[in-house]
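Please look through the structure below before reading my notes. They are set out as numbered points, and each can be checked against the model in turn.

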Amino acid sequence: MLIRHIACVDAEIRSKIRTSEICFAGNRKLKIYGKLSCRSGKRMLRQNRVFFASEQQALLGGYRPCGHCMRAEFVKWKNTEMR
């Protein structure tokens with residue numbers, strides 16, 4: 001389930017984070033996802049931000065791991081894509 005930030009109020013987002021309904025954030029235009037604590041992710045525009053409950057969900061949506069906060073996953077993804 002993809003949740004767009006612009007479609008929710010901040011209190012609803014915080015509640016979903018506390019209850020672990022949201023564990024990752026992504027950039028809708030760049031198709032990149034990462035941890036909620038990522039400095040790069042915190043700088044993205046609200047209208048481009050989407051949320052995911054799991055990595056699996058992000059990958060199935062066509063998103064790739066962030067090269068900053070998820071370095072090991074990014075390297076694994078990159079090596080898989082190069083084949």
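**Notes on the predicted model**

1. Ser20 counts as partly exposed because its relative accessibility is 47%, where buried means under 20% relative accessible area, exposed over 50%, and partly exposed in between (1.4 Å probe, protein chains only). Ser20 sits in the loop between H1 and E2, and although Ser20 is not a glycine, its phi is positive, at about 65°. Helices (H or I, at least four residues) and strands (E, at least two) are DSSP runs, numbered from the N terminus.

2. This is a predicted model, in which local features need pLDDT of at least 70 and side-chain atom pairs count only at pLDDT 80 or more, while totals for chains, interfaces and linings use all residues. Residues are numbered from 1 along each chain as its sequence is written, and side-chain values use heavy atoms, with hydrogens and water left out.

3. Ala11 is partly exposed, at 46% relative accessibility, whereas Lys16 is buried, with a relative accessible area of 16%. Not counting residues up to four places away in sequence, Lys16 touches Ile3, Glu21 and Ile22, where contact means heavy atoms within 4.5 Å. Ala11 and Gly61 are 50 residues apart in sequence, and their C-alpha atoms are 25 Å apart in space.

4. Which residues make up the largest nonpolar core? The 10 residues are Phe24, Tyr33, Cys38, Val50, Phe52, Ala58, Tyr63, Cys66, Cys69 and Met70. A nonpolar core is a set of buried Ala, Val, Leu, Ile, Met, Phe, Trp, Tyr and Cys residues joined through side-chain atoms within 4.5 Å. Leaving aside its neighbours within four places in sequence, Cys38 is in contact with Cys66, His68 and Cys69. Another core, of six residues, lies apart from the largest one and has Ile3, Ile22, Ala25 and Phe51 among its members.

5. Ile32 belongs to strand E3. Once neighbours within four places in sequence are left aside, Ile32 is in contact with Ala25, Gly26, Asn27, Tyr63, Arg64, Pro65 and Cys66. The C-alpha atoms of Ile32 and Arg43 are separated by 13 Å, the two residues being 11 residues apart along the chain.

6. The largest pocket is lined by 25 residues, of which Ala25, Ser40, Gly41, Lys42 and Met44 lie nearest its centre. Two or more lining residues come from each of helix H1 (10–18), strand E2 (24–27), strand E3 (32–35), helix H2 (39–42) and strand E4 (49–52). A pocket, on a 1 Å grid over the protein atoms alone, is an open set of points where a 1.4 Å probe fits, with protein on both sides within 12 Å along at least five of seven lines, and lining residues have an atom within 4 Å of a point.

7. The UniProt annotation "domain: Ada DNA repair metal-binding", from an unreviewed entry, covers residues 18–69, and such annotations may be inferred rather than shown by experiment. Over residues 18–69 the chain is 21% helix and 27% strand, with the end C-alpha atoms 20 Å apart.
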